[in-house]
Amino acid sequence: MTLGQKQSVESLTYILFNRPLHPELFQIYHEHRILQPEFEAVVWVTGCSHLVSFYAGPESLTELIVGVDEELPARGLLAEYRMRGEKQHEHLQGGRIHYQMSFQVEVMSRKLYARTHQDLARAASKHGLFVPFPQWRISDLTPFTFIDYQVTPESLHLFSYHAFPDEMTLVKAQSLFELSKPSSPGP
């Protein structure tokens, strides 16, 4: 995708990697770090899309919702789904990170979309990460990414919303990164 180019729902794909990806591969509009004693997470807003890298010691998982025209490496690819309808995915890496995700692509009537758009923008003014894209605005509503999250010492629970007003579509995703308890040494 050309840097700064408007995105469409049709071009989105969900991808999961078992490794981090280089920032040079993306146009990053906002970066946020979450630091906990047991893990670190990095959230990049990459337009009406996002990337989340979750690190626990030597292990990592990277979730993306990204345009299909992005050139990404094949090494470490665990899952890939076009953003259509609803989907769920679960991954247990064999280490400490347990991951669950679900997404939904919802096309709405203009009236319902406008109300939902306003409700999400209002919620985003109180908490979470809100990145609007006025440069892609065609109608009276602005495309945006809103990522809300909850953190515990052992988990990161993300709720992401990607708003496409000219398509009257909202892409909603929910992701849970959890750490399993380390194995206790035997007697």
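**Contacts, sheet and cores in a predicted model**

Me: Which side chain meets R33 in a salt bridge at 3.2 Å, N to O?

Reply: R33 and E31 meet there through their side chains, in a salt bridge with an N to O distance of 3.2 Å. Please note that this is a predicted model.

Me: Is R33 buried, exposed or partly exposed?

Reply: R33 counts as partly exposed, since its relative accessibility is 47%. E31 is partly exposed as well, with a relative accessible area of 39%.

Me: And which residue forms the 2.9 Å salt bridge with R33?

Reply: That residue is E40, whose side chain meets the side chain of R33 at 2.9 Å, N to O. E40 has a relative accessibility of 27% and therefore counts as partly exposed.

Me: What is the salt bridge partner of E38?

Reply: E38 pairs with R96, and the closest N and O atoms are 3.1 Å apart. This pair links distant parts of the chain: E38 sits in the loop between β2 (30–35) and β3, R96 sits in the loop between β7 and β8, and 58 residues separate them. E38 is partly exposed at 40% relative accessibility.

Me: How many salt bridges does the structure hold?

Reply: There are 7 salt bridges in the structure.

Me: Changing topic to the sheet: in what order do the 6 strands run?

Reply: The order is β7-β8-β12-β11-β10-β9, in an open sheet with antiparallel pairing. β7 (86–92) and β9 are at the edges with a single partner strand each, so one side of each has no neighbour in the sheet.

Me: By what angle are neighbouring strands turned against each other?

Reply: The average is 10° between neighbouring strands of this sheet, with direction ignored.

Me: Over how many bridges do β10 and β11 pair?

Reply: Strand β10, which covers residues 144–152, pairs with β11 over 9 bridges in the antiparallel sense. Within this pairing, F146 has Y161 of β11 as its bridge partner.

Me: Which strands does helix α1 lie across?

Reply: Helix α1, residues 110–124, lies across β9, β10, β11 and β12. Relative to β10, the helix runs at about 50°.

Me: Next, the largest nonpolar core. Which residues touch the most other members?

Reply: Y14, F54, M83, L156 and F177 do, within a core of 34 residues. Elements giving two or more residues to this core include β1 (12–17), β4 (50–56), β5 (59–67) and β12 (169–179). β8 supplies the largest share, 5 residues.

Me: What does M83 touch?

Reply: Leaving aside residues up to four places away in sequence, M83 touches L12, T13, Y14, I65, F103, V105 and V171.

Me: Where do Y29 and F133 lie?

Reply: Y29 belongs to the loop between β1 and β2, and F133 to the loop between β9 and β10, so the pair ties together parts 104 residues apart in sequence.

Me: Is F133 buried or exposed?

Reply: F133 is buried, with a relative accessible area of 1%, whereas Y29 counts as partly exposed at 27% relative accessibility.

Me: How is the pair of F133 and W136 arranged?

Reply: F133 and W136 are stacked, with 4.6 Å centre to centre and 20° between the planes. W136 is buried, at a relative accessible area of 5%.

Me: Which residues form one aromatic cluster?

Reply: The cluster consists of F39, F54, Y99 and F177. F54 and F177 also belong to the residues that touch the most other members of the largest nonpolar core.

Me: Lastly, what is the phi of M168?

Reply: M168 has a positive phi of about 50°, although M168 is not a glycine. The residue lies in the loop between β11 and β12 and is buried, with a relative accessible area of 15%.

Key. Residues are numbered from 1 along each chain as its sequence is written. This is a predicted model: local features need pLDDT of at least 70, side-chain atom pairs count only at pLDDT 80 or more; totals for chains, interfaces and linings use all residues. Side-chain values use heavy atoms; hydrogens and water are left out. A nonpolar core is a set of buried Ala, Val, Leu, Ile, Met, Phe, Trp, Tyr and Cys residues joined through side-chain atoms within 4.5 Å. Buried means under 20% relative accessible area, exposed over 50%, partly exposed in between (1.4 Å probe, protein chains only). Helices (H or I, at least four residues) and strands (E, at least two) are DSSP runs, numbered from the N terminus. Contact means heavy atoms within 4.5 Å. Two strands pair if DSSP finds at least two bridges between them. Axes are lines fitted to C-alpha atoms, for helices over the stretch in contact, and angles run from 0 to 180 degrees between N-to-C directions. A salt bridge is a side-chain nitrogen of Lys or Arg within 4 Å of a carboxyl oxygen of Asp or Glu. Rings of Phe, Tyr and Trp (its six-membered ring) pair if their centres lie within 6.5 Å; planes under 30 degrees apart count as stacked, over 60 as edge-to-face and the rest as tilted.
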